[in-house]
Amino acid sequence: MDDSAALLLLDLAVIIGAARLLSAIAKRLGQPPVVGEIMAGVLMGPTLFGTAITGAMFPAEIRLALDSLAKVGLVLFMFIVGYEIDKRMLRRSGRTAVGVATCSVALPLAGGVLLAFWLADRHDVARVPPFVLFVGVAMAITALPVMARILTDRGMQRTPVGGLALISAAVGDVLAWTLLAGVITLAGAAGGEPYRLVLAAPYVAVMFLVVRPLLRRVLARPGAALTPRAFAAMLIGLLLSCASAEWVGAHFIFGAFLFGVVMPREGTENLHRETLDRLGWMSETLLLPVFFVVAGLNVNLSTVGPNQVVDLALILLVAVSGKFVGAYLPARLSGLPPRGSVVLATLMNTRGLTEIVVLTVGLQVGILSPELYSLMVLMAVITTMMAGPILLLVYPTWRVRRDLEAFHGAGVAEAGAGVVTPIRGRRRPIRPATAAGRSGPEDADPAEQAA
């Protein structure tokens, strides 16, 4: 009898059960389910039970297997994030979304860089340049999937400020992930030799100029559906993109994200929906909970002392204020009302799952120490948990319903929350009927509606 196989299967059962239980508790408390899933991973680590029980449950050979599954989960998650970006929305997002996205990345990035110099001195960081840039990028992250979940749980995805937030977060994610790839390349942390770094730009060019037209020719057919052949072709392309990105030194998560971005959208609506549904179930139910546990095994909050509390307070101050001011100011300058600007800034402060992905990469490649990793994970959880109560205070349900009625008609206020899909529990919006000869609100610039 193979005891290691039995323990691995037992651990997977425990991981799935704990993730579902704590995500349900988080939802009952008005928090995104991802908060419960993150906490499940942290509680299985040494924070609560110490290293003895954690070591017995997750010995070295089991951790190796779980780490491999977690990498697959990261690949699928980043592909889903890239594939869900609506490029048509990006094209018509207007100056407001671009301004909000740029400022909400630049301001926390600058604040994070300044804070990182101070942290580097306190924690005896060996490689200061990549550490400083990495902390800046980590401060600039917004979790688009978590934001989408918060919006749909509150029925806000059809409001002008909700649409503007989604578009701004999508643009910001593209900027942040591009910067992250550059930081990892600078650190030489993805395993590539220095001479390979010159191939990063040609790799990106090939993805857009060769792979994207090829995918459009193979997949973009009238009424195209997800067949086993098409699904296999996508998976092969996805894995090759990840392997190429890793080989040139840009890390495999960037390869997964980039492959999702270059996937065709026009003429492949059925294929798009079915692909995200199939991958979403597996990713959400099994692979992402495994990733959270692997991440949580490296978090030990029991060692946080007075000095670390000061570090955490400064990290939270820079992360929250940078994102809030970076989103609030351009929104106000574009004409968005004060309340809408506060709502937008609050939504841009959600980090959650995406932040954990970024931090885990930093830990794996040696940029972050375990101590700083734990503090940054705690920052990600706190900033995500803040969103719900603040939104309930400044944008209560009756205001959401009123705005839905004003922009989409009275019937949509009741049905506009949409239909739940398995991609991180996201709801697909119901497209309301519009008067003949007049474009619906979804065809207008969300910035113009919000203003």
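This is a predicted model: local features need pLDDT of at least 70, side-chain atom pairs count only at pLDDT 80 or more; totals for chains, interfaces and linings use all residues.

Reader: How many aromatic pairs does the structure hold?

Author: Four aromatic pairs. Take F79 and F259: their ring centres are 6.0 Å apart and the planes sit at 35°, so that pair counts as tilted.

Reader: Where do F79 and F259 lie?

Author: F79 is in helix α4 (residues 60-84) and F259 in helix α12 (residues 252-262), so the pair ties together parts that are 180 residues apart in sequence.

Reader: And are F79 and F259 buried or exposed?

Author: Both F79 and F259 are buried. Ring pairs also link them with Y83 into a cluster.

Reader: OK, what about F324 and Y328, stacked or tilted?

Author: Stacked, because the planes are at 10°, with the ring centres 5.8 Å apart. F324 and Y328 are four residues apart in helix α14 (residues 306-333), which puts about one helical turn between them.

Reader: How accessible are they?

Author: F324 is partly exposed at 30% relative accessibility, and Y328 is partly exposed too, at 23%.

Reader: Switching to the surface: which residues form the nonpolar patch?

Author: L43, L48, F49 and I53, with about 360 Å² of accessible area together.

Reader: Which helix gives the most to it?

Author: Helix α3 (residues 46-57), with three residues. I53 is found in that helix, and with a relative accessible area of 42%, I53 is partly exposed.

Conventions
Residues are numbered from 1 along each chain as its sequence is written. Side-chain values use heavy atoms; hydrogens and water are left out. Patches are made of residues with over 30% relative accessible area and no salt bridge: like charges are joined within 9 Å, nonpolar side chains (Val, Leu, Ile, Met, Phe, Trp, Tyr) within 5 Å. Accessible areas come from the Shrake-Rupley method with a 1.4 Å probe; for residues, only the protein chains shown count as cover. A salt bridge is a side-chain nitrogen of Lys or Arg within 4 Å of a carboxyl oxygen of Asp or Glu. Helices (H or I, at least four residues) and strands (E, at least two) are DSSP runs, numbered from the N terminus. Buried means under 20% relative accessible area, exposed over 50%, partly exposed in between (1.4 Å probe, protein chains only). Rings of Phe, Tyr and Trp (its six-membered ring) pair if their centres lie within 6.5 Å; planes under 30 degrees apart count as stacked, over 60 as edge-to-face and the rest as tilted.
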